[in-house]
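Hi,

Here's the structure I said I'd pass on.

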Amino acid sequence: LAGAVASDAVAQMRDADPVAAAALADLVARVRQRPLSVTEEVVVTTREGELEESAPKRTLQWTNVPGKGLRADFDGFSLRLADGRIQGIHSSRDDLAIDLDDKGSAYYALLEQFRDLPWPGLALAMGEEKPEDCAMQLHSRAPWLQPTGVEAPADGPAGGDADPGRRIVLSSDHEQMWIDVDPASGLPSRAEVVIHSGPFVPEGIELVFGYTWTFRPVEDVDKAMDLSVRDRERVDMVAALVKPPEAPQRGNAGGGLMPG
(Lines give C-alpha, C1' and ligand atoms only; values in the text may rest on other atoms or scores of the structure.)
Protein backbone atom coordinates (compact mmCIF):
# COMPACT_ATOMS: atom_id res chain seq x y z
CA LEU A 1 0.00 0.00 0.00
CA ALA A 2 2.84 2.39 0.83
CA GLY A 3 4.27 1.88 -2.65
CA ALA A 4 0.91 2.50 -4.27
CA VAL A 5 0.44 5.68 -2.28
CA ALA A 6 3.90 6.96 -3.23
CA SER A 7 3.47 6.17 -6.92
CA ASP A 8 0.05 7.82 -7.03
CA ALA A 9 1.25 11.05 -5.42
CA VAL A 10 3.01 12.52 -8.46
CA ALA A 11 0.27 11.56 -10.89
CA GLN A 12 -2.65 12.95 -8.93
CA MET A 13 -1.23 15.96 -7.06
CA ARG A 14 -2.71 19.24 -8.32
CA ASP A 15 -1.23 22.73 -8.23
CA ALA A 16 -2.59 24.97 -5.50
CA ASP A 17 -4.58 28.02 -6.57
CA PRO A 18 -3.04 31.14 -4.95
CA VAL A 19 -6.42 32.64 -4.00
CA ALA A 20 -7.63 29.38 -2.45
CA ALA A 21 -4.31 28.91 -0.64
CA ALA A 22 -4.60 32.41 0.82
CA ALA A 23 -8.18 31.69 1.94
CA LEU A 24 -7.06 28.48 3.66
CA ALA A 25 -4.15 30.32 5.30
CA ASP A 26 -6.61 32.89 6.65
CA LEU A 27 -8.86 30.12 7.98
CA VAL A 28 -5.93 28.47 9.77
CA ALA A 29 -4.95 31.82 11.29
CA ARG A 30 -8.51 32.40 12.55
CA VAL A 31 -8.68 28.98 14.19
CA ARG A 32 -5.33 29.56 15.93
CA GLN A 33 -5.94 33.19 16.83
CA ARG A 34 -7.50 32.76 20.27
CA PRO A 35 -8.54 30.04 22.74
CA LEU A 36 -11.48 28.04 21.40
CA SER A 37 -13.54 25.13 22.67
CA VAL A 38 -14.95 23.13 19.78
CA THR A 39 -17.47 20.39 19.05
CA GLU A 40 -16.64 18.67 15.76
CA GLU A 41 -19.09 16.07 14.43
CA VAL A 42 -18.78 13.70 11.48
CA VAL A 43 -21.13 11.30 9.71
CA VAL A 44 -19.52 8.83 7.32
CA THR A 45 -21.59 7.60 4.38
CA THR A 46 -20.66 4.78 2.03
CA ARG A 47 -22.00 5.04 -1.52
CA GLU A 48 -22.15 2.27 -4.08
CA GLY A 49 -24.11 3.38 -7.11
CA GLU A 50 -27.51 4.47 -5.81
CA LEU A 51 -27.08 2.66 -2.49
CA GLU A 52 -26.05 4.65 0.57
CA GLU A 53 -25.44 3.65 4.16
CA SER A 54 -24.43 6.04 6.94
CA ALA A 55 -22.61 5.13 10.13
CA PRO A 56 -23.60 6.63 13.50
CA LYS A 57 -22.39 10.16 14.15
CA ARG A 58 -19.02 10.52 15.86
CA THR A 59 -18.08 13.50 18.01
CA LEU A 60 -14.75 15.09 18.84
CA GLN A 61 -14.46 17.68 21.59
CA TRP A 62 -11.29 19.73 21.37
CA THR A 63 -9.91 22.83 23.02
CA ASN A 64 -7.04 24.81 21.55
CA VAL A 65 -5.17 27.40 23.62
CA PRO A 66 -2.50 29.11 21.49
CA GLY A 67 0.85 28.97 23.22
CA LYS A 68 -0.29 26.24 25.62
CA GLY A 69 -1.53 23.28 23.59
CA LEU A 70 -4.55 21.24 22.61
CA ARG A 71 -6.86 18.92 24.56
CA ALA A 72 -8.98 16.38 22.64
CA ASP A 73 -11.66 13.85 23.63
CA PHE A 74 -13.14 11.27 21.24
CA ASP A 75 -14.09 7.57 21.21
CA GLY A 76 -13.34 7.25 24.94
CA PHE A 77 -9.84 8.75 24.62
CA SER A 78 -8.76 11.89 26.46
CA LEU A 79 -5.57 13.43 25.10
CA ARG A 80 -3.32 16.35 25.96
CA LEU A 81 -0.83 17.69 23.42
CA ALA A 82 1.29 20.30 25.15
CA ASP A 83 4.82 21.02 26.42
CA GLY A 84 6.33 18.86 23.69
CA ARG A 85 4.47 15.74 24.82
CA ILE A 86 1.45 13.65 23.91
CA GLN A 87 -0.39 12.29 26.95
CA GLY A 88 -3.53 10.21 26.98
CA ILE A 89 -5.90 7.92 28.86
CA HIS A 90 -8.99 5.89 27.95
CA SER A 91 -12.29 5.71 29.79
CA SER A 92 -12.29 1.88 29.83
CA ARG A 93 -9.58 1.68 32.50
CA ASP A 94 -7.91 3.82 35.14
CA ASP A 95 -4.47 2.24 35.46
CA LEU A 96 -2.71 3.04 32.15
CA ALA A 97 -1.57 6.15 30.30
CA ILE A 98 0.69 7.25 27.47
CA ASP A 99 3.19 10.04 28.04
CA LEU A 100 5.50 10.40 25.04
CA ASP A 101 7.79 12.96 23.43
CA ASP A 102 6.00 14.46 20.41
CA LYS A 103 9.36 14.76 18.55
CA GLY A 104 8.66 18.34 17.56
CA SER A 105 5.21 17.90 16.00
CA ALA A 106 2.07 17.40 18.06
CA TYR A 107 -0.01 16.66 14.95
CA TYR A 108 2.30 13.94 13.61
CA ALA A 109 2.67 12.43 17.08
CA LEU A 110 -1.11 12.07 17.17
CA LEU A 111 -1.25 10.70 13.62
CA GLU A 112 1.45 8.16 14.41
CA GLN A 113 -0.67 6.85 17.29
CA PHE A 114 -4.04 6.72 15.52
CA ARG A 115 -3.14 6.39 11.80
CA ASP A 116 -6.75 6.99 10.77
CA LEU A 117 -7.46 10.57 11.85
CA PRO A 118 -10.66 11.85 10.18
CA TRP A 119 -10.74 15.19 12.04
CA PRO A 120 -9.89 18.23 9.85
CA GLY A 121 -10.21 20.56 12.84
CA LEU A 122 -7.09 19.09 14.42
CA ALA A 123 -5.00 19.95 11.37
CA LEU A 124 -6.48 23.45 11.26
CA ALA A 125 -5.58 23.88 14.93
CA MET A 126 -2.09 22.35 15.09
CA GLY A 127 -0.98 21.23 11.63
CA GLU A 128 1.50 22.94 9.34
CA GLU A 129 1.19 26.70 8.83
CA LYS A 130 1.81 26.63 5.10
CA PRO A 131 -1.66 26.12 3.55
CA GLU A 132 -0.50 23.66 0.90
CA ASP A 133 1.02 21.45 3.62
CA CYS A 134 -1.92 21.86 6.01
CA ALA A 135 -4.29 20.81 3.19
CA MET A 136 -2.59 17.40 3.01
CA GLN A 137 -3.13 16.92 6.76
CA LEU A 138 -6.86 17.66 6.80
CA HIS A 139 -7.86 14.01 6.36
CA SER A 140 -5.71 10.91 6.75
CA ARG A 141 -7.52 9.15 3.88
CA ALA A 142 -7.25 12.17 1.57
CA PRO A 143 -3.54 12.97 1.75
CA TRP A 144 -3.17 14.69 -1.64
CA LEU A 145 -5.67 17.51 -1.24
CA GLN A 146 -4.64 20.98 -2.39
CA PRO A 147 -6.61 24.26 -2.25
CA THR A 148 -7.91 24.72 -5.78
CA GLY A 149 -10.79 27.23 -5.63
CA VAL A 150 -12.98 29.63 -3.69
CA GLU A 151 -16.70 30.02 -4.35
CA ALA A 152 -19.96 30.96 -2.65
CA PRO A 153 -21.59 28.22 -0.54
CA ALA A 154 -24.14 26.23 -2.52
CA ASP A 155 -26.98 27.03 -0.10
CA GLY A 156 -25.98 30.59 0.82
CA PRO A 157 -28.45 33.50 0.57
CA ALA A 158 -29.14 34.62 -2.99
CA GLY A 159 -29.02 38.36 -3.61
CA GLY A 160 -29.55 41.07 -1.04
CA ASP A 161 -26.92 42.49 1.28
CA ALA A 162 -26.33 39.34 3.32
CA ASP A 163 -22.78 37.99 3.16
CA PRO A 164 -23.03 34.34 2.06
CA GLY A 165 -19.54 33.57 3.31
CA ARG A 166 -17.21 31.53 1.19
CA ARG A 167 -16.48 27.93 0.35
CA ILE A 168 -12.86 26.82 0.09
CA VAL A 169 -12.53 23.98 -2.42
CA LEU A 170 -9.74 21.42 -2.23
CA SER A 171 -9.17 18.56 -4.65
CA SER A 172 -6.95 15.91 -6.17
CA ASP A 173 -7.54 13.20 -8.74
CA HIS A 174 -8.89 10.86 -6.02
CA GLU A 175 -10.74 13.15 -3.62
CA GLN A 176 -12.60 16.42 -3.19
CA MET A 177 -13.27 18.58 -0.16
CA TRP A 178 -15.05 21.82 0.58
CA ILE A 179 -15.06 23.90 3.75
CA ASP A 180 -17.74 26.54 4.36
CA VAL A 181 -16.44 29.56 6.26
CA ASP A 182 -18.83 31.49 8.49
CA PRO A 183 -18.86 35.14 7.33
CA ALA A 184 -19.24 36.54 10.85
CA SER A 185 -16.50 34.62 12.67
CA GLY A 186 -14.23 33.54 9.82
CA LEU A 187 -14.27 30.03 11.30
CA PRO A 188 -15.30 26.78 9.56
CA SER A 189 -18.97 25.84 9.87
CA ARG A 190 -19.38 22.77 7.64
CA ALA A 191 -17.25 20.59 5.40
CA GLU A 192 -17.46 17.53 3.20
CA VAL A 193 -14.78 15.12 2.03
CA VAL A 194 -15.52 12.70 -0.82
CA ILE A 195 -13.00 9.95 -1.60
CA HIS A 196 -14.00 8.30 -4.87
CA SER A 197 -10.89 6.40 -6.00
CA GLY A 198 -7.34 5.56 -5.07
CA PRO A 199 -5.83 3.07 -2.61
CA PHE A 200 -8.08 4.02 0.32
CA VAL A 201 -11.42 2.88 -1.17
CA PRO A 202 -12.47 -0.23 -3.12
CA GLU A 203 -13.34 0.24 -6.78
CA GLY A 204 -16.91 1.48 -7.27
CA ILE A 205 -17.19 2.82 -3.71
CA GLU A 206 -17.33 6.42 -2.50
CA LEU A 207 -16.68 7.46 1.10
CA VAL A 208 -18.36 10.72 2.12
CA PHE A 209 -17.43 12.45 5.38
CA GLY A 210 -19.83 15.23 6.42
CA TYR A 211 -18.65 17.63 9.14
CA THR A 212 -20.12 20.37 11.31
CA TRP A 213 -18.36 22.61 13.85
CA THR A 214 -19.59 24.56 16.86
CA PHE A 215 -17.15 27.04 18.43
CA ARG A 216 -17.30 28.50 21.94
CA PRO A 217 -14.98 30.65 24.07
CA VAL A 218 -12.80 28.78 26.54
CA GLU A 219 -14.28 29.27 30.00
CA ASP A 220 -11.07 28.71 32.00
CA VAL A 221 -7.84 28.95 30.03
CA ASP A 222 -5.72 27.90 33.02
CA LYS A 223 -7.60 24.60 33.40
CA ALA A 224 -8.31 23.89 29.74
CA MET A 225 -5.27 21.62 29.34
CA ASP A 226 -5.77 19.68 32.59
CA LEU A 227 -5.32 15.91 32.21
CA SER A 228 -3.81 13.87 35.01
CA VAL A 229 -1.73 10.81 34.12
CA ARG A 230 -0.20 10.46 37.58
CA ASP A 231 -0.16 7.07 39.32
CA ARG A 232 -0.76 5.25 36.03
CA GLU A 233 1.47 2.70 34.37
CA ARG A 234 2.99 4.01 31.14
CA VAL A 235 2.47 2.28 27.79
CA ASP A 236 3.79 3.24 24.36
CA MET A 237 0.64 2.99 22.22
CA VAL A 238 -2.91 4.30 22.60
CA ALA A 239 -4.26 0.90 21.52
CA ALA A 240 -2.91 -0.55 24.77
CA LEU A 241 -5.05 1.87 26.79
CA VAL A 242 -8.31 0.23 25.74
CA LYS A 243 -9.54 -2.56 27.97
CA PRO A 244 -9.98 -5.74 25.88
CA PRO A 245 -13.42 -7.38 25.82
CA GLU A 246 -14.17 -10.07 28.29
CA ALA A 247 -13.20 -13.54 27.06
CA PRO A 248 -16.19 -15.87 26.57
CA GLN A 249 -16.69 -18.49 29.24
CA ARG A 250 -15.62 -21.96 28.25
CA GLY A 251 -18.64 -24.21 28.11
CA ASN A 252 -16.76 -27.37 29.12
CA ALA A 253 -13.40 -28.50 30.34
CA GLY A 254 -12.29 -29.77 26.96
CA GLY A 255 -9.52 -28.29 24.84
CA GLY A 256 -9.77 -26.56 21.49
CA LEU A 257 -9.60 -23.00 20.25
CA MET A 258 -11.60 -20.27 21.93
CA PRO A 259 -13.76 -18.11 19.64
CA GLY A 260 -11.81 -15.19 18.24
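Arg 71 counts as buried, at 17% relative accessibility (buried is under 20% relative accessible area, exposed over 50%, partly exposed in between, with a 1.4 Å probe and protein chains only).

Before the rest: this is a predicted model, so local features need pLDDT of at least 70 and side-chain atom pairs pLDDT 80 or more, while totals for chains, interfaces and linings use all residues. Numbering runs from 1 along each chain as its sequence is written, and side-chain values use heavy atoms, without hydrogens or water.

Arg 71 sits in strand β4, residues 69-74 (strands are DSSP runs of E, at least two residues; helices are H or I, at least four; both are numbered from the N terminus). Its side chain makes a 3.2 Å polar contact with that of Asp 73 (N or O atoms within 3.5 Å, one able to donate a hydrogen and the other to accept it; residues adjacent in sequence count only if both atoms are side-chain atoms). Beyond four places in sequence, Arg 71 touches residues including Trp 62, Leu 79 and Asp 226 (contact is heavy atoms within 4.5 Å).

Met 177, in strand β10 (residues 175-181), is buried too, at 1% relative accessible area. Ala 142 is 35 residues from Met 177 in sequence, with 9.0 Å between their C-alphas.

As for the whole chain, it has 5 helices and 13 strands, and 42% of its 260 residues count as buried.

Cheers
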